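This report describes the packing, strand pairing and charged contacts of a protein model. The sequence and structure are shown first.

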Amino acid sequence: MSNLKLHFDVPGDDFTRAGEASGKVKKTLKDLGFNPEVVRKTVIALYEAEINLVIHAGGGEIDVEISPECIDMVLTDQGPGIPDVALAMKEGYSTAPDNVRSLGFGAGMGLPNIKKYTDDMKIDSVVGEGTTMYLKVFTN
Amino acid sequence: MKVYEIKEILDAEVICGEEFMDRDVFTACGSDMMSDVLAYVKEQAVLLSGLVNPQVVRTAEMMDMQCIVFVRGKQPDQGIIDLAKDRDIVLMTTKQAMFASCGMLYEKGLRGGAMK
């Protein structure tokens, strides 16, 4: 079986649609018969990352590659970048504006949650140019 | 606990998902902060929230949650209801506040589940 590749453009101006891509990935993984725990870990991490694209980066792109062994996700944006990735990874640290908190996010849990639910996480970020996040979840 | 028992205990009004009232719910989570909900693994849980926006339904979707109860009499708009219907998630609203709602369900045996 060749690997299944999915691509999504995530609009940055519509918070109500944030999570659409993650929902579609969830359906695909479920339909392919992956273990429910693997599906949940993958989509929770992806959903947090998708929310980040919308609230911090003005949107971006998501590429998902699904193989029998692992699920690779790459999220790319041309947003402001993350000046200090180590600081951003700390639980409770957030730069989200108040209006994002009123929507139920921005508590500084996004990146820690992503790390918790993935087997590998890497962030390449250049201030003023954008951020690329690489996520991997093993299926076994 | 069954979903219909939650409806009875909280004297809640069912907004959608009437056909799923017989589902089993093992744990509950009460929060307005969706990232906190996403931080904890819950098996077949009910989500109680005072937050009313599409991300509450999406969060429940990602977590495989069975049912959402909006507290303090909050009513979701049609877009939120359609999203929940499409995902087979039960929506209810209760006039009870968050603290009272959680307490009433806890008293009847529902627990918070393990935190990971």
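Contact here means heavy atoms within 4.5 Å. The model under discussion is predicted. With that cut-off, and leaving aside residues up to four places away in sequence, Ile62(A) touches Leu6(A), His7(A), Phe8(A), Val10(A), Ala21(A), Leu46(A), Glu50(A), Leu53(A), Val74(A) and Leu75(A).

**Nonpolar cores**

Ile62(A) belongs to the largest nonpolar core, which has 61 residues; together with Val64(A), Met133(A) and Ile68(B), Ile62(A) is listed as having the most contacts inside this core. Helix 2 of chain A, residues 36-56, gives the most to the core, with twelve residues. Another core lies apart from it and has 20 residues, including Ile9(B), Val25(B), Ala28(B) and Met92(B).

**Strand 5 of chain B**

Strand 5 of chain B (residues 90-93) is covered on both faces: Val90(B) and Met92(B) are buried on one side, and Leu91(B) and Thr93(B) are buried on the other. Strand 1 of chain B (residues 13-16) pairs with strand 5 in the antiparallel sense over three bridges, and Val14(B) has Met92(B) as its bridge partner there. Strand 4, helix 4 (residues 78-86) and strand 5 of chain B make a right-handed β-α-β unit.

**Cysteines**

The count of disulfides over all chains is zero. Cys67(B) is in no disulfide, as the nearest cysteine sulfur, that of Cys16(B), is 9.4 Å away. Cys67(B) is buried, with a relative accessible area of 0%. Cys70(A) also counts as buried, at 10% relative accessibility.

**Salt bridges**

Side chains of opposite charge can pair when their charged atoms come close. Over all chains, the model has eleven salt bridges.

| Salt bridge | Closest N and O atoms |
|---|---|
| Glu20(A) and Arg17(A) | 3.2 Å |
| Lys136(A) and Asp72(A) | 3.0 Å |
| Asp124(A) and Lys122(A) | 3.2 Å |

Lys136(A) is partly exposed, with a relative accessible area of 21%, and Asp72(A) is partly exposed at 26%. Glu20(A) is partly exposed at 27%, as is Arg17(A) at 38%. In chain B, a network of salt bridges links Glu61(B), Asp86(B) and Arg87(B).

Methods: Residues are numbered from 1 along each chain as its sequence is written. Chains are lettered from A and ligands numbered from 1 in the order in which they are written. This is a predicted model: local features need pLDDT of at least 70, side-chain atom pairs count only at pLDDT 80 or more; totals for chains, interfaces and linings use all residues. Side-chain values use heavy atoms; hydrogens and water are left out. A disulfide is a pair of cysteine sulfur atoms within 2.5 Å. Buried means under 20% relative accessible area, exposed over 50%, partly exposed in between (1.4 Å probe, protein chains only). Helices (H or I, at least four residues) and strands (E, at least two) are DSSP runs, numbered from the N terminus. Two strands pair if DSSP finds at least two bridges between them. A crossover is right-handed if, with the strands pointing away from the viewer, the path from the first strand over the helix to the second runs clockwise. A nonpolar core is a set of buried Ala, Val, Leu, Ile, Met, Phe, Trp, Tyr and Cys residues joined through side-chain atoms within 4.5 Å. A salt bridge is a side-chain nitrogen of Lys or Arg within 4 Å of a carboxyl oxygen of Asp or Glu.
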